[in-house]
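Colleague: Could you walk me through this model? I have a few quick questions.

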Amino acid sequence: MDIEMEMVPLAHYLFLSATLFVIGVVGVLVRRNAIVVFMSIEIMLNAVNISLIAFDRYLSLHDGQIFSFMVMCVAAAEVSVGLAIIIALFRNKPTINLDEFNIMKS
Amino acid sequence: MLESYLGAGIMMLMAIGIAGGMVVMTSMLGPKREFADKMEPFECGESPIVSPHQRFSVKFYLVAVLFVLFDIEAVFFFPWAILFKQLGMFGFIEMLLFILILGVGLLYVWKRGGLDWE
Amino acid sequence: MELLIFYPLAGLCVAFALGVVINNSPVGSAMSLIAMMLGLAGIFVLQQAHFIAVLQIIIYAGAIMVLFMFVIMLLNLKGSGEDASWRSRDKNLLMTVLSGFLVAGLLYKILCVLNSGEFDSPASLPENFGTAREVGTILFTEFVLPFEVASILLLVAMIGAVVLAKNKVD
């Protein structure tokens, strides 16, 4: 079985990761809906996971997989607190348009 | 190792095929007799027409958050359970500490009334 | 063989990621995000990270997206969910330039990695690479501290969410 010849090169995974990361950044910058911005952040976290795991596979290590596990934990914690913040904001002002939250601006 | 996913793939295709086939076949083969009462969406004791813009209560959110966080706690148990014998006492104490720390959170949520529905 | 699986999956992931950003309704975005997560799980399987692929489905597609859907339902915005008028911000020169820098920097870094030649040939993998047993062995021996800190992180998230959401309930 010669799998070695048909392996996907590392570059492909890295380009996929970079593409998804840039899509996430564009989402954060362009969208004004707070929930969609959060989803874009999730895309960015996932993009990082792809490169971590791709390098892992190429170095035959498990450290990157532990890292991506931790990234998932952080993502879950971040989402649960972040969405609670959105709900708290929504109570003060019934909108999730990020551009309307400017009371911190002096 | 990838070959071992063949079974899972076949099962997934079969599941999609059977579920999709059932939906398509019943709509194609079954007899259709339509009348006004039958076409009404059935909801027991509720008016079938309400505004879709009702908000859920925030209580649901608290339950969902607790579900997510304890889900992740549960995910840590999978590899631990596999390795339980191999890790011995060290692994046991390690996991005990982990559960204790999260137990403090559960206690806090409980005392704060996050688990009460009313 | 692997390429044959990789390209459709990668294309699907990118398409659904674009779907998240482009979609008008938050529910549509959430659905695309779930599809993207499932595609990524496939890519993780392709990289022999079996355990992480399962976690991706359990944690992301199973738990985090449920939370997103809950909040979308919770805040059910009256029709004005997202008007086309405030769908995107005004064109901003600074933002465009910064995004351009980001893309250029990423591509430069990728080329650097490729030219270093360190990753030309993948290491030959042991038979049970990426299984729950292998990942767990390292997690519970070498990475004990991150493991315990993760529990503190979850504790803080729990308390934070309860404090924020329970504050003057209804």
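Modeller: Helices here are DSSP runs of H or I with at least four residues, numbered from the N terminus. This is a predicted model, where local features need pLDDT of at least 70, side-chain atom pairs count only at pLDDT 80 or more, and totals for chains, interfaces and linings use all residues. Residues are numbered from 1 along each chain as its sequence is written, with chains lettered from A and ligands numbered from 1 in the order in which they are written.

Colleague: Why does L59(A) count as partly exposed?

Modeller: Because it has 14 C-beta neighbours inside 10 Å; buried takes 20 or more other C-beta atoms within 10 Å, exposed 12 or fewer, and partly exposed is in between, with C-beta atoms placed from the backbone.

Colleague: And what separates the C-alpha atoms of L59(A) and F15(A)?

Modeller: 18 Å, with the two residues 44 apart along the chain.

Colleague: Switching topic, how many residues of chain A are in contact with chain C?

Modeller: 62, and they meet 69 residues of chain C; contact means C-beta atoms, placed from the backbone, within 7 Å. On chain A's side, α1 (10-30), α2 (34-59) and α3 (63-92) each supply at least two residues, and the largest share, 21 residues, comes from α3(A).

Colleague: What does I35(A) touch?

Modeller: Leaving aside neighbours within four places in sequence, I35(A) is in contact with I86(A), I96(A), P26(C), F68(C), V71(C) and I72(C).

Technical notes: Contact = placed C-beta atoms within 7 Å.
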